[in-house]
There are 4 protein chains.
Amino acid sequence: MRTINVGVLGATGTVGQRFILLLGTHPYFRLHALGASARSVGHRYSDITAWKQTQPIPVIAKDLIVQPCSPEHFKDVEIVFSGLDAEVAGGIELAFRHAGFAVFSNAKNHRRDPTVPLIVPLVNTSHLAILPYQQSLLLDSHPNHGFIVTNANCAATGCAVPLAALQRAFGPIESAMITTMQAISGAGYPGVPSMDIFDNVIPYIGGGEEDKLEWELSKILGDIGDQDGKVIELAVESNNVKLFVLSGIRVSAACNRVPVLEGHTECVSVRFARRPAPKVEDVIKVLKSYTCEAQSLKCPSAPKHALIVHDEQDRPQPRLDRDVQSGAGVSVGRVRECKVMDIKFVLMANNVAIGAATSSLINAEVAVEKGYIHPPTSVN
Amino acid sequence: MRTINVGVLGATGTVGQRFILLLGTHPYFRLHALGASARSVGHRYSDITAWKQTQPIPVIAKDLIVQPCSPEHFKDVEIVFSGLDAEVAGGIELAFRHAGFAVFSNAKNHRRDPTVPLIVPLVNTSHLAILPYQQSLLLDSHPNHGFIVTNANCAATGCAVPLAALQRAFGPIESAMITTMQAISGAGYPGVPSMDIFDNVIPYIGGGEEDKLEWELSKILGDIGDQDGKVIELAVESNNVKLFVLSGIRVSAACNRVPVLEGHTECVSVRFARRPAPKVEDVIKVLKSYTCEAQSLKCPSAPKHALIVHDEQDRPQPRLDRDVQSGAGVSVGRVRECKVMDIKFVLMANNVAIGAATSSLINAEVAVEKGYIHPPTSVN
Amino acid sequence: MRTINVGVLGATGTVGQRFILLLGTHPYFRLHALGASARSVGHRYSDITAWKQTQPIPVIAKDLIVQPCSPEHFKDVEIVFSGLDAEVAGGIELAFRHAGFAVFSNAKNHRRDPTVPLIVPLVNTSHLAILPYQQSLLLDSHPNHGFIVTNANCAATGCAVPLAALQRAFGPIESAMITTMQAISGAGYPGVPSMDIFDNVIPYIGGGEEDKLEWELSKILGDIGDQDGKVIELAVESNNVKLFVLSGIRVSAACNRVPVLEGHTECVSVRFARRPAPKVEDVIKVLKSYTCEAQSLKCPSAPKHALIVHDEQDRPQPRLDRDVQSGAGVSVGRVRECKVMDIKFVLMANNVAIGAATSSLINAEVAVEKGYIHPPTSVN
Amino acid sequence: MRTINVGVLGATGTVGQRFILLLGTHPYFRLHALGASARSVGHRYSDITAWKQTQPIPVIAKDLIVQPCSPEHFKDVEIVFSGLDAEVAGGIELAFRHAGFAVFSNAKNHRRDPTVPLIVPLVNTSHLAILPYQQSLLLDSHPNHGFIVTNANCAATGCAVPLAALQRAFGPIESAMITTMQAISGAGYPGVPSMDIFDNVIPYIGGGEEDKLEWELSKILGDIGDQDGKVIELAVESNNVKLFVLSGIRVSAACNRVPVLEGHTECVSVRFARRPAPKVEDVIKVLKSYTCEAQSLKCPSAPKHALIVHDEQDRPQPRLDRDVQSGAGVSVGRVRECKVMDIKFVLMANNVAIGAATSSLINAEVAVEKGYIHPPTSVN
């Protein structure tokens, strides 16, 4: 397979560092350019970065000179991974899209754009099918084929996988109650002050976390096409346009920060539309046998098991399970009856792996495998 | 007011130490006897106890000689507070009851006994009215007036208070979803190994924690009397007997251990029977104005506010709120609509104060105020 | 005793909040004015402050309107306690001194000024004797009697107490090796990011912590007067001037940040000048019997025991011992022989109590008792 | 290279689990037998073990049936790694030695035996030269060639490496002051109760930790041979015997438990015999260039760098540095002058890797490379 040059935007930040770590050993993505804010531009990456990972900076990144986050500094690059902060991500990512880049973003800015796929790579890679339509919107003004794909909020990502498995097997999920216990790494760096979270639980996460969880799950578990249903928003006048249809799931989320470094734990109860509800043993069977497109396409960063279902009554646990499969799968346990809804279970997903950088990476791998990535006709 | 001599069973354990700390400064309970297991018997309390509190051993307890946990060693004592482990609490507490003592227990053993009141002191002290019936069962064989009162599971206690407030104002609660984040002190000492809980969440608490929460709330929020309804169990043949009627609430609990020393946090969603459901602002009003019998009786250990309702969006938090009112009240916050049920909120209760020793203590104070405590006619 | 109006500078910060908490219940200091940065000025204190204490804001502080940190806004105030950041403390404290205020500062700015006493209130309150000289320097230009007294670095404070006790009994200490394990609260708020210190030790504390420890101990354990010895610096030409003489102690400090909320722990080894060195049992006796001037003056905030010497081999511990005596004393334990130096021990001092606000408070109480505080002749 | 069958004693414990993890991927050691206490004997390893590692049980171990810890159940095994508790390790290890096994032990029992090498694999593998003498002691009664090699206490191991580097370059170290901040994993499982160590420092580690550090460093840094010097103890009458000579270093250790999962941090000050003392820059140069025999022998588990010397002023840190080189090296930082002794620095060593199982493993690899491991002539 040909090597594809890639760049990282927001390279010195928390998510940027994870992108670089993953790309340091990737079989066909080749790290070629790093972008960051003005403070870092012009310096060697290893000189300017407060590297906070437990593995050393990949050799390929060490000596790269940090560039400004604008397309003309990313020559010879086809794909950019964006770990930018939401304050700046919106405009920068658009500029790269307009310049013909394939942008895979961890930022929230474009997730609700009706032309942008919001992809959990273990769930709804079929939504990439909307990309040609997104590209077509730029045809006149921008002759290149740039596009933006976003991954989901870290807490929504973990939950989407078992919900998708259940929906595929048992039909629509009427409602889901989700209480999260989220790791401090989800807040980036410097993030949560230690004085706030030591020996403590903070029952609130800023930036509209609960709303993200509630809304994003509807888009991820929804569909594309001009089917019957509630359409997000009609982007342009068009007859044959593919549009997102929100799933009808009602979600209620309560988000908490807990003193854990890595790995979001979530207690979930679901009620199915179908009556009678599926039995616990059937739910377990369905979760254990779930597979996704990223696996059948043999994407190198896809986990062997999209869902790991634990039989032990006290698992999953973030510290013990977050590094299994390099954090690319989702762990589920304690599947049992719920006295109020139908079924309840607990899940744990590594918020900095499948909840962030790993998601964008697998999304890009799927896009490559499905032929959405084309050599740039010209940059700048 | 007369001074009442009291004793503590399980005096060297975690809950026992809390009883002693509270009794060291009590206005009318006077610590007179301490009971513990054979290993400690005969030693000065301060010599034999691995004291783990942040305040020093009260002077009155220091030099007491530890006694065996049997009634004949508790002469001149009217009330015993039991911090015994469930492995031994059942029989020992019965022995003290038979010997005429008023037993206020933190153990789970007798909570489901249909003749034993299961009291959250900020909620259902009216259930003490069943005590004369409990005493009457012993009339022939044991001429004394011993009885057992238990307090509830620490996680159930915190939740019972706002649920009781809502039920009183808005009628029956159809169902409640509760996800707990419980402190390590709830497991006693040595309790949770640090290797298990550091940088971790354990999504399971042994000993049937979720079942306790689900069942005990039904009894606490239920009623006494031979009303229509589901009766726990008919203790004896009798016409005029007062019996517990379980509340019809359906509860689904998911219990988690988190790395917090003290203070259980719980995310709660409720659905009312009444349609339309009460509005958020009315729920807040009701929670803010809730008062209980322990307060109107001016029990010295009752909190000024049974419920503290926070307006800040990130409160309550265990570390900041657990010591307010010496941990005798319950903190509530983030009262808001639930997209799946009606209303959701978060609560925090100090599991070692109102969740354990403080509950028994207030229960005893209420029993004194309401005339249930009589001088023993004779102890053995 | 007359009531003395006091103000707090830097009132919204970590140390400022502690000052306010302590002053809320003080027998004769009456909180009268609060100063903070421009962002807070003009607002009610309780509206503008992110209160991070486990006890509520004292009633007296709640409704005070925050003032700019300049003397004309502190009318009717005699004493100001400064919890200002070092970036601004220097100039502001000087302005208050020049305006005739007695300034008791927790900031580092003036600690090395040869005319400013650097006081650990359990150790060297005799150094206040230099105040008249400090005041005299301003006589012409500033007719008031303002002065500045600083307390010491939090880690130096804890260590100074046992070292002073040993020096008093056994003569000069030749050298001391100190390894600290310092709590995160020592870094203020937001202070240490949780991502940096969770499950970690940081073997470095910025701002010259080790140098502070090494230097400040010399001044604290030194003396005043024109004695033979190494003089800090001659402030002005003068014949009868009292100057600080640095103690000859050589100190080597290694400072570490550990994941503890409150309470600095320090491992100390000392070598005495005197040969043979004192025996362990004599050292313990001396530490146990140590008393200081703040105690004999009956200062209300002075601890009953300046040093608490533990016999248990695993004490002191920050979590268990930091709140004893409201954190106003220092705990010592494990006094034993050192195979390299003479004696080693471990100590624990509450860095936010005796290590910060409580020190300034006792210093002010001693100054009152010894007659250094006079009603202001005029402010502005 | 031929494959060598190995067994693990104490296979279900903390250190045993680490041995199994390391052996699961070893190039020439083949896991063949697992021994544990009676409770586990006869069960499949994966059924009986509370596996607490973040990586899954190696396939080769899963289905092994746990054996009693006696030699007759370890047929076809040449080397046993002992992770046994000190309560039972002494006798069991002797039994295996007598039966002709090469025993590599993590237990403390035989460390002070004058015929047993106490090896830090990055330091004193030359001490293995005493093995033929140890074997000769059994010649008559036990015709096999069994022997015991122990690794050192986890805190002594980390410190031994830089001290050995300095001693090799600059001659004898007169004295060393060591203050440790040790991880909870050093206490095994269940080990330290969370209630004891959360938000806390325990300034004491049981089992004679400080004494181990002080004594073991003398043996590790000492020499073998009938040289002039202080001999540990003359084991038998013999002329040509090689014996251990204790290094003359005086060590003073203060050992603390801190809330860290893995990785012991140590603050060290040293004084050299040589005057003038070496300069800081020369010390750094020597530490950076240090290599050891396990490296030159190309042992597969030896780290590439025995010492990693950090230039950043806030490193090493346990969380960031403990997994580098799979924890097989030692990290050093903050090398600087000491105002009391000569030089001070901080080090961090992974207590469960180079501080425990990895040490035994490298020791065995060195023993293989140097020809000390022979096929057993017969096992019972």
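In the predicted model, chain C and chain A bury about 1400 Å² between them, and carbon and sulfur atoms account for 72% of this area. Three residues, M195(C), F198(C) and L261(C), contribute 43% of the area that chain C buries against chain A, which exceeds the share of any other three residues. The contact involves 17 residues of chain C and 17 residues of chain A.

Polar interactions between chain C and chain A were also counted. Two salt bridges link chain C and chain A. In a salt bridge between K52(C) and D196(A), the closest N and O atoms are 2.8 Å apart. Six residue pairs are in polar contact between chain C and chain A, with both residues of each pair at pLDDT 80 or more. On the side of chain C that touches chain A, eleven residues are nonpolar, three are polar and three are charged.

The interface of chain B and chain A was examined in the same terms. Here 48 residues of chain B are in contact with 48 residues of chain A. The area buried between chain B and chain A is about 3700 Å², with 54% of it on carbon and sulfur atoms. Ten salt bridges are found across the interface of chain B and chain A. E214(A) pairs with K339(B) in a salt bridge whose closest N and O atoms lie 2.9 Å apart. Polar contacts between chain B and chain A number 29 residue pairs, both members being at pLDDT 80 or more.

Several secondary-structure elements of chain B give two or more residues to the side that touches chain A. The helices are α7 (194-197), α8 (209-220) and α11 (318-321) of chain B. The strands are β7 (173-182), β10 (250-257), β11 (264-272), β13 (330-337) and β14 (343-349) of chain B. The most is given by β10(B), with seven residues on the side of chain B that touches chain A. By residue class, this side of chain B comprises 24 nonpolar, nine polar and 15 charged residues.

Within chain A, an unreviewed UniProt entry places the feature "domain: Semialdehyde dehydrogenase NAD-binding" at residues 5-131. In the model, the end C-alpha atoms of residues 5-131 of chain A are 21 Å apart. Helix makes up 25% of this span of chain A, and strand makes up 17%.

Methods:
Residues are numbered from 1 along each chain as its sequence is written. Chains are lettered from A and ligands numbered from 1 in the order in which they are written. This is a predicted model: local features need pLDDT of at least 70, side-chain atom pairs count only at pLDDT 80 or more; totals for chains, interfaces and linings use all residues. Side-chain values use heavy atoms; hydrogens and water are left out. UniProt positions are given in the numbering used here, feature names are shortened, and annotations may be inferred rather than shown by experiment. Helices (H or I, at least four residues) and strands (E, at least two) are DSSP runs, numbered from the N terminus. Contact means heavy atoms within 4.5 Å. Buried area is the accessible area (1.4 Å probe) that two parts lose on being put together, summed over both. A salt bridge is a side-chain nitrogen of Lys or Arg within 4 Å of a carboxyl oxygen of Asp or Glu. A polar contact is a pair of N or O atoms within 3.5 Å; within protein, one must be able to donate a hydrogen and the other to accept it, and residues adjacent in sequence count only if both atoms are side-chain atoms. Ala, Val, Leu, Ile, Met, Phe, Trp, Tyr, Cys and Pro count as nonpolar, Asp, Glu, Lys and Arg as charged, and the others, Gly among them, as polar.
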